[in-house]
Amino acid sequence: MALASVRALSYSYPGAQEALSGCSLELEPGEVVALLGPSGGGKSTLLRALAGLVPHFHGGRFSGRVEVAGLDTRRSRPAELAGTVATLFQDPEDQVVFTRVASEVAFGLENLGTPPAEIPPRATEALAAIGAAHLSERPIAELSGGELQRVCLASVLALEPRLLLLDEPTSQLDPDGAAAAIELARSSGAAVVVSEQRPDRVLEACDRVLFVEAGRIREGEPLPAAWLPREVHLPASEPADAAVCRLGDVSFAYDALPVVEGACIELGRGEIVALVGPNGSGKTTLAKLAAGLLEPDTGHVERHGRACYLSQDPGRYLVRERADEEVALAVDGDLARSRRALAAVGLAGFEERHPRDLSSGERERLALAAVLVADPDLLVLDEPTRGVDPERKDELAALLRVQAPGRATLVVTNDLVFASEVADRCVSTGAREVALA
């Protein structure tokens, strides 16, 4: 008997076009299903429907039927499904409630009425399973994006649900962490539905693949070429001669926690450098030091020209009501330049859309346009492929390479496929050092 079933589901968010159209599927206990497809195609909406968030939380127009463990989601609210369904959302920053890691992982168990004596060991076990036991007493605010994603995954695994819904669970994880996360989900015993933009991370672990595009589900068809796994060949070369930015013996600590020690990086005009390495090894901190958003405790940073920085979670910094106005902020309100920048990242026709109405991948591209439009001498991009589908990643790589001669570009990424396709060379971070790859 199916654990969950979706029958002729169609759904539209309030005031928006149809997000899902006539979708049907069944999920068996213990099976792992991968959802692939372009950004904005309906993957996240399908997960929300399985969790009961559509329509109870988001409102909108809903037709068809969704049942989970015998409960009709139109009659049973998400709270009634909480012991059966657990969801890891696309933006872990919006999922956390508490300020300390151990409390955050325990929170869901407390909500389910788990006996108090069971909560600490289950929380500890979940953190250890995801490789985050050492983070137990850390403040949430001090975590890197990848560390936070691990903590949120531990929070949902601790609930031991029958249906586990994962929306971009590896978008900020390093390769080892991503492999461990997918394996933990697969071996949990739950039915798992995982939406991913990095197919190489999930295809071997899943039982079947659903391709979701334009609100419809396709199953059993060959994947488009862009979605097939690709080989990784990280480039190595000498730095370019004309340095736009140079970090010399730089160190930095958050309060008493050293994050960067003795780092040396040189970024030359005309080159794209990928900064890779384990979660929590200082990649984002180095990027902020290069861009001038942080000042080093020791060492020096030399920078020539204007620097622009794309943050790891750009959705937090959107302030305008229209996409073109958001991008125009960097160029004194020049809407013509703004619209050209939007077109360059595949968002032509989105000019009047509200940034908050865009999918996660579309918001990522909007934020990218907002820094590209300024034509900086130093462009620093922190996880620019988060939530971006493979076809758009190829377009982004091509765009960065076309524009590369005029600037130095530093790309912080855990997406090694993207790094191998866009970068002239790679720099890797260890726990306490930076070295040329």
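Predicted model: local features only at pLDDT ≥ 70, side-chain atom pairs only at ≥ 80, totals over all residues.
Residues are numbered from 1 along each chain as its sequence is written, and side-chain values use heavy atoms, with hydrogens and water left out.

H12 takes in 14 residues, 390-403, and at 1.5 Å a residue it should span 20 Å, which agrees with the 20 Å between its end C-alpha atoms; the expected span here is 1.5 Å times one less than the number of residues. At the start of the helix, a side-chain oxygen of Asp389 comes to within 3.2 Å of the backbone nitrogen of Glu391.

Which residues of H12 are buried? They are Pro390, Lys393, Leu396, Ala397, Leu399 and Leu400, where buried means under 20% relative accessible area, exposed over 50%, and partly exposed in between, with a 1.4 Å probe and protein chains only. As background, an α-helix has 3.6 residues a turn, so residues three or four places apart point the same way. The cover over the buried residues of H12 includes strands E13 (272-276) and E16 (378-382), together with helices H10 (335-344), H11 (360-372) and H13 (416-422).

Turning to salt bridges (a side-chain nitrogen of Lys or Arg within 4 Å of a carboxyl oxygen of Asp or Glu), a search of the whole structure finds 32. One of them joins Arg386 to Asp91, with the closest N and O atoms 3.2 Å apart. This pair links distant parts of the chain, 295 residues apart, since Arg386 lies in the loop between E16 and H12 and Asp91 in the loop between strand E6 (85-88) and helix H4 (101-111). Both Arg386 and Asp91 are buried.

Asp375 sits in the loop between H11 and E16, and Arg407 in the loop between H12 and strand E17 (408-412), 32 residues apart. Asp375 counts as exposed because its relative accessibility is 55%, whereas Arg407 is buried, with a relative accessible area of 2%.

Finally, Arg65, Glu67, Asp72 and Arg75 are linked in a network of salt bridges.

Key: Helix = DSSP H or I, 4+ residues; strand = E, 2+ residues; numbered from the N terminus. Contact = heavy atoms within 4.5 Å. Polar contact = N/O pair within 3.5 Å; in protein donor to acceptor, adjacent residues only side chain to side chain.
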